[in-house]
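Work through the exercises below with the model open. Each task is followed by a stepwise solution.

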Amino acid sequence: MTNRKGGLSKVFDYFCNEDPFAEGLSPCPGCPLELALRLLGKILGSQDLVMTGTPSCSNPVMTGQNVGAWHRLTAYCTLMTGAAANATGLSRQYRRSGQDATVVCFNGDGCAADIGFQALSGAAERGENFIYVCYDNEGYMNTGVQRSGTTPIGAKTATTPVGPKQRGKSTRRKNLPLLMAMHRIPYAATATLSHLEDFAKKLLKAKEKKNEGLAYIHLFAPCPTGWGVPTHQAIEVCRNAVRTNYFPLWEAEKGIFTLTHQVKKPKPIMEYTRLIKKYNHLKEDELERIQEEVDYEYEFLRHLTEFRKCVATKHQTAGE
Amino acid sequence: MNAHARLLGCGKKGMLNMEGTEFNKTKIKVITGNSAAAHGAMLCRPEVLALYPITPQTEVVEEISGFYASGELDAEVVEVEGENSAMNIITAASAAGARAFTATSSYGLVYMYDALLQAAGYRVPIVMVNVNRETPGITAVSSGQQDMISTRDSGWIQIITSSCQEILDSIIMAYRLAEDFDIQVPVMVNYDGFYLSYLAEKVEVPCRADVDGFLAPLKDQPQRPILKPGEPMGFGTHGILEGYLELRYKHSTALERAKVKFDEIDKAFERHFGRSYGGQIDTYRTADADMVLVASGSLSGTAQKVIDLKRDQGLKIGLIRLRMFRPFPRERLIETLRGKKAIGVIDRSICFGWNSGPIYVELRALSPEIGYIPMMSFIDGIANMDVSVANIERMVRILQSASEGDSYQKVTWIGMEEE
Ligand SMILES: Cc1ncc(C[n+]2csc(CCOP(=O)(O)OP(=O)(O)O)c2C)c(N)n1
Ligand code: SF4
């Protein structure tokens with residue numbers, strides 16, 4: 001976290017803002033979803049915020065499963081299939097009736113990458129005016145930790161167990177933030193909860209950019225319960241995900257990529273996987289395979305960030 | 001039109017200066033059912049529309065796109081990537097206060113099934129056109145009512161129309177019904193794919209001011225709950241036990257109220273535009289009839305012709321055209337059918353598990369009130385099979401012999417079974 005001269009990081013200012021969420025939310029102990037939601041509310045402010053949420057781990061907070069909603073926000077409960085479509089309907093009507101609104105979809109990866117992907121991609125292509133935050137806990141957690149499209153290779157889940165015939169998930173994760181950036185939407189970014197200043201900046205940028213079209217933030221949010229992470233270590237997992245380049249922090253504006261956090265000397269993937277029980281079964285060669293995946297994806301991203309130079313010289317306006 | 005309505009019509013016109021002059025006067029046009037639907041929807045000034053094509057509905061979305069391009073329709077038009085999203089878009093837009101519209105058919109209707117249920121559960125007053133077509137299973141790009149039937153327990157109001165004029169008029173009435181403060185339930189306006197969708201007929205297209213005037217009373221009602229930024233409210237929050245039960249109860253009783261309301265709206269429509277359709281059901285020569293055929297949609301025209309033919313031959317027969325399928329017009333059906341000697345129900349879809357027509361099955365539930373008289377199910381008009389004069393005459397023959405006390409078969413698959 002970069003410090004401002006002679007004081008605390010800017011993100012601490014946001015923590016002084018009004019919190020639209022009640023005290024004592026209902027995620028599992030140590031779940032970073034609570035931090036994500038509170039910070040999002042404080043940064044975007046509740047005056048024009050309209051939140052939508054799906055059935056997921058955010059549901060108990062957003063729509064008050066069994067109790068009552070835990071916030072004082074304007075909120076709309078969507079289906080997993082149509083989250084982005086519901087946000088489209090809301091934002092279109094607010095635009096038409098001239099009401100300022102920041103419509104935010106706050107959805108899990110299961111919705112964003114899988115069952116709700118069509119609606120999300122459609123909204124991106126049409127340039128709808130809202131923010132879509134996908135919190136990625138790499139699986140369907142609310143239903144009890146099943147694999148999703150973003151579950152990484154080798155990870156153990158309830159539907160990709162470990163046994164003589166299976167070694168966790170056998171296919172690689174879907175790189176959803178990259179897919180979203182490839183729509184060349186005004187803003188696509190990755191963020192995580194160990195780098196709050198970066199997250200805060202990206203949220204504010206998303207709010208500004210959503211007036212030009214869809215703004216997408218992919219928030220890496222480990223699930224202590226489902227991954228087998230001690231309740232005090234979720235943020236450490238986030239930090240190591242960044243340090244190992246497992247989850248690089250970047251942003252893309254209309255397809256022009258920038259790394260927002262350079263990792264000078266990336267640590268080996270072991271530094272990340274050793275914190276997480278869902279990788280406990282992996283042998284050295286399997287970990288190497290994961291390292292290869294990480295290296296490939298990072299290299300791919302690095303090339304994308306270099307693309308900016310060719311664009312600048314060849315087609316000045318391509319990024320416009 | 002009352003003074004208030006007229007005022008409102010003028011006011012609106014002044015506001016929307018983009019709008020063309022094409023619809024400033026009532027006009028007679030020769031247009032297809034699909035075009036009539038597009039005209040009806042546009043005249044109601046929907047604010048958010050989601051459009052996705054499917055045969056035989058495609059012309060509706062194309063024509064609406066045309067209205068938008070020409071400036072006749074001032075709205076947010078979403079060229080959406082699928083029907084599931086279409087329903088989700090208009091549901092949320094309506095929750096945010098918009099008058100919203102979409103149109104679909106068959107595969108599209110079932111593809112939006114989860115969103116369809118949510119729209120009903122959220123009690124959003126949206127209107128959707130469904131152009132009846134066979135559903136997935138056996139691929140059949142053809143007419144049939146199975147699509148509408150398969151969504152009958154979704155909590156929507158379902159209206160079935162039988163002419164191009166009635167399509168246009170019913171959409172206007174549908175908004176009046178859906179948005180009524182005492183109802184607040186989405187309305188699906190159905191018409192037969194292929195037969196009506198592509199049939200060109202003479203249609204009186206009302207002028208904007210008249211439609212504005214007819215819909216004006218909706219503005220004088222209390223405000224329904226609307227989701228607004230800065231005004232904390234949960235739309236579709238989680239509810240279980242008594243809370244859920246209460247919402248279901250209220251939804252169900254709203255549907256009960258919708259029946260009489262629909263009759264009233266039909267009468268108000270007649271006063272305003274000079275056309276009426278009978279409300280929940282349209283009866284033809286039933287008063288003194290011994291036998292009654294029950295039908296719906298475009299085949300009713302053919303059935304009416306057969307009724308006339310048979311009346312000329314001295315047979316006391318009449319026709320009920322079902323205009324409202326959900327809620328089911330129990331009271332009016334009982335009133336019309338009580339004391340008759342035989343009833344034949346023509347269904348263009350199948351109630352699997354009962355091996356009979358769905359509308360027939362529902363009418364059978366009225367037997368205690370109507371009397372235990374011969375009641376027969378005729379399955380016909382499946383997948384574009386014409387319900388011809390000859391077919392209906394055959395039904396009447398079966399009906400007649402049953403009414404005279406002969407033994408009869410309860411279910412006949414016309415076209416499958418030789419006479
Ligand atoms: C159409 C549909 N299918 C299945 C479900 C059951 N379901 C509820 S929550 C959930 C998992 C959601 O996963 P994700 O979006 O990643 O959120 P998370 O639970 O991880 O927070 C599923 C599959 C559902 N609600 N809707
Ligand atoms: S299951 Fe995981 S993601 Fe869900 S609330 Fe618990 S810790 Fe958080």
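A salt bridge is a side-chain nitrogen of Lys or Arg within 4 Å of a carboxyl oxygen of Asp or Glu. The model is predicted: local features need pLDDT of at least 70, side-chain atom pairs count only at pLDDT 80 or more, and totals for chains, interfaces and linings use all residues. Residues are numbered from 1 along each chain as its sequence is written, chains are lettered from A and ligands numbered from 1 in the order in which they are written, and side-chain values use heavy atoms, with hydrogens and water left out.

**Exercise 1. Charges and polar pairs across the interface**

Task: find how many salt bridges join chain B and chain A.

Solution. 
- Step 1. Count them: there are four salt bridges between chain B and chain A.
- Step 2. Inspect one of them. A:Arg95 and B:Glu76 pair through their side chains, N to O at 2.7 Å.
- Step 3. Strand S3 (76-79), helix H4 (83-95), helix H6 (113-121) and strand S9 (233-235) of chain B each give two or more residues. H4(B) has the largest share, eight residues.

**Exercise 2. Extent of the interface**

Task: state how much area chain B and chain A bury between them.

Solution. 
- Step 1. Take buried area as the accessible area (1.4 Å probe) that two parts lose on being put together, summed over both.
- Step 2. The value is about 2,900 Å², with 52% of it on carbon and sulfur atoms.
- Step 3. Name the leading residues in chain B. B:Glu76, B:Pro229 and B:His238 lose the most area to chain A, together 21% of what that side buries.
- Step 4. Count the residues in contact (heavy atoms within 4.5 Å). Chain A supplies 37 residues and chain B 40.

**Exercise 3. The ligand site**

Solution. 
- Step 1. For A:Cys57, a backbone N or O atom lies 2.9 Å from a ligand 1 oxygen.
- Step 2. For A:Asn137, a polar side-chain atom lies 3.0 Å from an oxygen of ligand 1.
- Step 3. Helix H5 (residues 109-115) of chain A gives the most, four residues.

Terms used:
A polar contact is a pair of N or O atoms within 3.5 Å; within protein, one must be able to donate a hydrogen and the other to accept it, and residues adjacent in sequence count only if both atoms are side-chain atoms.
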